[in-house]
Amino acid sequence: MKKRILACCLALVTFAGFAQEEEQEKRFFKKENLFTGGSISLGISNQSFLIGGNPVFGYSLTRWADIGLVGNYNYTSFRDYNFIGDKLRQSVYGGGAFTRLFPVRFLFAQAQVERNWIQLKYLPANNGASVKSRVSANSVLLGAGYSTGRDPEGRSAWGYLAVMVDVTKNTNSPYVDSRNRSLPIIRAGVNIPLFRGDEDR
């Protein structure tokens, strides 16, 4: 009899522990806070052009803060890179992490770190022989943006437009020009909730 009572007590304690763990998990991790989406990138100056795409996967930490992972592909073309008439073309592959802070629902500040691998093709002036090479670079992008109305409860998709610059000015960065000046990076995209929050419960 004592063994049965002890087994019942142990089962109740174990069940209570699992229930508490599940409750804590619900409190600290909510699947309805997960989102996906992405953006397109555009950078233009007198001697360069950049276009790319950036898929994202993220989580809303609070009503005013998001974090996430980002993939990266960009194509950039430079004119008059070293001399008048020459060109440099590069394809960039990489990824990183970002955070967005929303002081109000329609404005945000963003910080993003990236590691990129870059394939370069240099085309000398006067149809000289092309030269290919590969490099890599770390970047830290800082900027701000406008959202179409981020829903803190994660019930609906929303769009955004952000402008950022690479503050590291790494000479191999895909976000600097031939004179090592930071190019403004314009990213327009959408965030799509993976789960619809309270309205689906």
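Reply: Of the 201 residues in the protein chain, 34% count as buried. This is a predicted model. The accessible surface of the chain comes to about 12000 Å². Carbon and sulfur atoms hold 62% of that surface.

Next, the secondary structure. Along the sequence, the pattern reads α-β-β-β-β-β-β-β-β. Now take the contacts between residues at least 6 apart in sequence. Of these, 58% join residues at least 24 apart.

Now the loop itself. It runs between strand S7 (158–166) and strand S8 (185–193). Lysine 169 lies in this loop. Its phi is positive, about 55°, although lysine 169 is not a glycine. Asparagine 180 is found in the loop between S7 and S8 too. Asparagine 180 also has a positive phi, about 65°, and is not a glycine.

How covered are these two? Lysine 169 has a relative accessible area of 42%, so it is partly exposed. Asparagine 180 is at 27% relative accessibility, so it also counts as partly exposed. Buried would need under 20%, and exposed over 50%.

Arg79, Lys87, Arg89, Lys121 and Lys132 gather in a patch of positive charge on the surface. One of them, arginine 89, sits in strand S4, which covers residues 87–104. Arginine 89 has 33% relative accessibility, so it counts as partly exposed. A patch residue needs over 30% relative accessible area.

Methods. Residues numbered from 1 in each chain as written. Predicted model: local features only at pLDDT ≥ 70, side-chain atom pairs only at ≥ 80, totals over all residues. Heavy atoms only, no water. Patch = residues over 30% accessible without salt bridge, like charges linked within 9 Å, V, L, I, M, F, W, Y side chains within 5 Å. Areas by Shrake-Rupley, 256 points an atom, 1.4 Å probe, with all protein chains shown as cover. Salt bridge = Lys/Arg side-chain N within 4 Å of Asp/Glu carboxyl O. Lys, Arg positive; Asp, Glu negative; His and termini not counted. Charge placed at Lys NZ, Arg CZ, Asp CG, Glu CD. Helix = DSSP H or I, 4+ residues; strand = E, 2+ residues; numbered from the N terminus. Buried < 20%, exposed > 50% of the residue type's maximum accessible area, 1.4 Å probe, protein only. Contact = heavy atoms within 4.5 Å.
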